Amino acid sequence: MACASFVKLQALSSSWIGEQSFNQRPGSACHSPTRRVSVRAGSYTDELVKTAKSIASPGRGILAIDESNATCGKRLASIGLDNTELNRQAYRQLLLTTPGLGEYISGAILFEETLYQSTTDGKKFVDCLRDENIVPGIKVDKGLVPLPGSNNESWCQGLDGLASRSAEYYKQGARFAKWRTVVSIPCGPSALAVKEAAWGLARYASISQDNGLVPIVEPEILLDGDHPIERTLEVAERVWAEVFYYLAENNVTFEGILLKPSMVTPGAEHKEKASPDTIAKYTLRMLQRRVPPAVPGIMFLSGGQSEAEATLNLNAMNQSPNPWHVSFSYARALQNTVLKTWQGLPENIEAAQKALLVRAMANSLAQLGRYSADGESEESKKGMFVKGYTY
């Protein structure tokens with residue numbers, strides 16, 4: 001019975017993954033208890049599906065402002081500000097109180113500090129988002145640490161205590177979560193690192209759904225390296241096959257998740273740069289081979305691309321219908337010009353908020369396949385890739 005059940009699971013996996021993952025599964029021999037193919041219907045299932053659909057709504061995407069305090073400090077230092085809670089609050093207040101932001105933004109990923117903060121007038125940031133019909137989200141991972149036994153690779157920590165933390169975040173108003181792990185092509189990637197990334201994401205996703213949070217599944221394939229786009233495609237397919245295998249193993253409801261993949265591009269140091277059409281071709285090919293249509297939304301990370309580049313690539317992917325909502329979950333590609341416009345000065349807040357709306361609207365148009373790069377500033381075309389970048 002167990003063998004027959006596992007054969008069914010293999011067939012199911014092949015129908016939406018395309019091929020079996022590249023390494024042996026633990027417990028794949030027919031000695032384990034009967035495996036269930038169907039996912040469970042938890043107490044939050046209907047709400048999870050509704051939340052995911054709300055975030056994956058036409059012409060809207062996610063504003064990621066979940067940088068750790070240390071990373072936010074680097075951003076503030078770039079405009080001459082100290083890394084204090086008051087300065088972090090001021091910057092995030094600028095972003096989260098932008099009038100009309102909800103027309104283009106459906107969700108905002110917050111750092112834990114921000115989830116519990118309020119404006120200087122005493123209004124909770126969560127309520128500022130709700131007033132704009134923006135779903136509050138929360139970064140729940142605890143960052144990357146070295147992975148023993150690997151090729152100088154990393155794994156993401158944070159599963160310990162995640163259930164209780166997620167329950168508290170839900171009470172505070174969060175309705176979706178983010179967990180970022182990374183895969184490095186120059187480092188292999190090793191089978192161990194890919195399996196660890198996939199398993200960690202699957203456990204996090206299952207725990208999140210149990211506590212009412214839509215999990216964003218994000219195995220970021222770093223831009224570091226001089227490899228061609230074909231190599232990125234190969235690695236991306238291997239990673240996402242592994243991820244979806246373990247999501248099924250953990251009984252995750254696919255209709256109640258969102259994905260945050262890297263676009264399939266050449267390595268940042270590759271001698272030839274790919275066009276938006278080429279990036280769209282390879283990225284959509286990977287998604288079509290690996291992502292089941294039950295998943296409601298694909299919310300791309302920008303990963304160090306310039307503001308204009310990230311928008312152009314997204315636009316190219318929306319020139320024909322897709323089985324999922326193909327949109328954005330950008331941090332630097334939405335904030336770079338905003339931060340430089342603000343400069344920490346109260347008199348620049350309105351101009352900085354207008355800069356945010358410009359970028360949000362551009363990506364909204366890209367999600368609809370209607371974006372044109374005419375009139376883009378030179379600042380928006382500057383790349384933001386940082387080798388070995390950490391949040």
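View A. Tryptophan 179 is buried, with a relative accessible area of 1% (buried means under 20% relative accessible area, exposed over 50%, and partly exposed in between, with a 1.4 Å probe and protein chains only). The model is predicted: local features require pLDDT of at least 70, side-chain atom pairs count only at pLDDT 80 or more, and totals for chains, interfaces and linings use all residues. Residues are numbered from 1 along each chain as its sequence is written, and side-chain values use heavy atoms, with hydrogens and water left out. The whole structure contains 8 aromatic pairs (rings of Phe, Tyr and Trp, the last by its six-membered ring, pair if their centres lie within 6.5 Å; planes under 30 degrees apart count as stacked, over 60 as edge-to-face and the rest as tilted). One of the pairs joins tryptophan 179 to tyrosine 204 in a stacked arrangement, 5.4 Å centre to centre and with 25° between the planes. Tryptophan 179 belongs to strand β6 (residues 176-183) and tyrosine 204 to helix α8 (residues 191-210), so the pair ties together parts that are 25 residues apart in sequence (helices, H or I of at least four residues, and strands, E of at least two, are DSSP runs numbered from the N terminus). Tyrosine 204 is likewise buried, at 0% relative accessibility.

**View B. The rings of tyrosine 245 and tyrosine 246.** The ring centres of tyrosine 245 and tyrosine 246 are 5.2 Å apart and the planes stand at 90°, so this pair is edge-to-face. Tyrosine 245 is buried at a relative accessible area of 2%, and tyrosine 246 is buried at 3%. Ring pairs link these two tyrosines and Trp199 into a cluster.

View C. The charged end of arginine 175 sits over the ring of tyrosine 170, 3.6 Å from the ring centre (a charge sits over a ring if NZ of Lys or CZ of Arg is within 6 Å of the ring centre and within 35 degrees of the ring normal). The side chain of arginine 175 also meets that of glutamate 47 in a salt bridge of 3.4 Å, N to O (a side-chain nitrogen of Lys or Arg within 4 Å of a carboxyl oxygen of Asp or Glu). Arginine 175 lies in the loop between α7 and β6, and glutamate 47 in helix α2 (residues 45-55), so the pair ties together parts that are 128 residues apart in sequence. Glutamate 47 is partly exposed, at 27% relative accessibility.

**View D. Salt bridges within helices.** The structure holds 16 salt bridges. In one of them, arginine 130 meets aspartate 127 at 3.4 Å, N to O; these residues are 3 apart in helix α6 (residues 125-131), about one helical turn. Arginine 130 is partly exposed at 41%, as is aspartate 127 at 28%. Glutamate 234 and arginine 231 meet in a salt bridge of 3.0 Å, N to O, and are 3 residues apart in helix α9 (residues 229-249), about one helical turn.

**View E. Arginine 165, buried without a salt bridge.** Arginine 165 is found in helix α7 (residues 162-172). Arginine 165 is buried yet has no salt bridge, and the nearest side chain of opposite charge, glutamate 112, is 5.6 Å away (Lys and Arg count as positive and Asp and Glu as negative; His and the chain ends are not counted). Not counting residues up to four places away in sequence, arginine 165 touches Val140, Lys142, Gly158 and Asp160 (contact means heavy atoms within 4.5 Å).
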